[in-house]
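Have a look at the display before you start.

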Amino acid sequence: MATLKGQNLRIYTRVDSGLKVVGMATNCTITLVNNVSDESTKDDTGLAQKPITQSKSWSVQVESLNVTDAATMLAAIKSMTPFNLIWDESGTTDNKAHQEADFARCGSAYLTDLNLTFNDRTTAAKTLQFTGTGAVSTITDMDLSDETVPAGSYTKGQFVRLFLSSDNTAAPASVIGCARELTLHISVSVENSTTKDTEGEWENQEPTSLSYDITTNALVRSGDTITSLVTAKGLDDLETIHKNGTPVKWNIANVSGDNQRTKGVVIASGSAVLTNLEIQAQNKTGAQYRATLNGYGDYTVSA
Amino acid sequence: MSKTKTNAEVLDASNVETTETTEQPATEEVQAQTTAQDETPQQPAEATTQFLTANSREELTAAFEALKEQNPGKTLMAGAVGQKDDGTFELKVDFINN
């Protein structure tokens with residue numbers, strides 16, 4: 001018996017006509033939990049606990065290098081409707097076709113965490129975290145075909161940038177000068193909605209709220225060079241935004257042109273409040289600052 | 001039909017190719033049906049997907065702006081620009097029929 005390779009255990013989403021593998025995935029983690037409580041009593045001698053299972057829950061995390069669907073994912077997490085997820089062994093010829101292995105399972109799950117990273121000179125990536133609601137089931141005799149997943153493409157992090165305005169009225173027109181990293185993180189809170197009416201041991205979950213934050217970092221410029229040539233936000237602008245303490249508008253957009261500052265197609269936009277501005281100056285290292293903005297109201301994925 | 005779109009509706013997007021801009025669709029893990037966009041004019045909640053390809057980012061932006069003009073009244077959602085092995089650039093666009 002051969003050992004199952006990581007590339008042959010894959011996450012699929014069920015669609016009307018079949019299964020669609022999560023493309024360009026690099027890692028996946030499936031977590032099955034028995035939620036226990038200590039039921040030891042005074043009748044028990046010794047100090048050991050007696051964990052008794054109260055309920056079961058599950059989650060799935062997938063990491064992928066495909067961010068061309070960033071807008072689709074940003075819309076999906078806002079929709080707060082569950083996915084039908086499957087994990088299964090894939091065929092070794094293409095690593096995509098599902099095999100209905102003995103360990104394969106399926107279930108309904110909410111996309112509860114989405115992390116999109118666009119770092120300089122690094123392939124952009126996304127992480128999807130799904131929280132299961134209800135039971136995990138076997139998938140034998142599913143009679144579903146595999147949807148075609150054509151060759152993918154990579155996105156380089158430096159070609160997606162954050163644009164900010166100085167207030168909550170003007171359009172965001174300036175990039176963060178000399179930026180290096182950018183992360184857009186969306187999180188949906190879920191509530192355990194299991195009741196006595198619920199059959200079986202598996203917990204049900206319901207989404208309750210959404211929050212998001214944007215994190216970026218940049219080098220601090222001294223005697224300004226690039227920022228004086230082309231409009232861009234510098235540390236002084238971020239300090240002003242922090243001082244004001246009010247929302248500013250943001251875009252995350254594809255870029256091109258001189259210094260990669262020409263805004264192309266916008267991926268997402270909204271308003272946010274600068275909640276944290278951290279300036280770091282380590283010996284023998286370029287000074288840099290890290291800014292965290294918390295989403296203010298809903299974001300938009302319409303271009 | 002419920003007013004709230006399901007993920008199947010959001011993600012099971014049709015893959016509508018434009019002959020002048022699309023050589024082949026790119027990786028898309030959560031799309032499904034291949035119903036042509038013009039075959040479902042009576043379903044306002046349907047999303048369809050199109051992949052634009054070009055030789056530069058600037059051309060891709062121009063192609064996207066042209067696509068917007070060709071589709072007044074529709075909401076277009078565009079993802080991050082990807083670069084394929086052959087050096088060409090592509091952009092995934094989802095149409096949301098309002």
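**Exercise 1: Confidence in chain B**

In chain B of this predicted model, find the elements where confidence is lowest and highest.

Next, look at the stretches with pLDDT below 50. Residues 1-6 of chain B form one of them, with ten contacts in the model beyond near neighbours in sequence. Residues 8-45 of chain B also fall below 50, and this stretch has 116 such contacts.

Then take chain B as a whole: the average pLDDT is 66, and 52% of the residues score at least 70. A word of care: where pLDDT is low, the predicted coordinates should not be read in detail.

**Exercise 2: The build of chain A**

Work out which secondary-structure elements chain A has and what share of its residues is buried.

*Solution.* First, the elements: chain A has 16 strands and three helices. Second, the extent: its C-alpha trace spans about 70 × 55 × 40 Å along the principal axes. Third, burial, with under 20% relative accessible area as the cut-off: 45% of the 303 residues of chain A are buried.

**Exercise 3: Surface and charge of chain A**

How far apart are the mean positions of the positive and negative charges of chain A?

*Solution.* Begin with the surface: chain A exposes about 14600 Å², of which carbon and sulfur atoms supply 46%. Now the charges: chain A has 24 positive and 34 negative ones, and their mean positions lie 10 Å apart.

Technical notes: Residues numbered from 1 in each chain as written. Chains lettered and ligands numbered in written order. Predicted model: local features only at pLDDT ≥ 70, side-chain atom pairs only at ≥ 80, totals over all residues. Heavy atoms only, no water. pLDDT = per-residue confidence, 0-100. Helix = DSSP H or I, 4+ residues; strand = E, 2+ residues; numbered from the N terminus. Contact = heavy atoms within 4.5 Å. Buried < 20%, exposed > 50% of the residue type's maximum accessible area, 1.4 Å probe, protein only. Areas by Shrake-Rupley, 256 points an atom, 1.4 Å probe, with all protein chains shown as cover. Lys, Arg positive; Asp, Glu negative; His and termini not counted. Charge placed at Lys NZ, Arg CZ, Asp CG, Glu CD.
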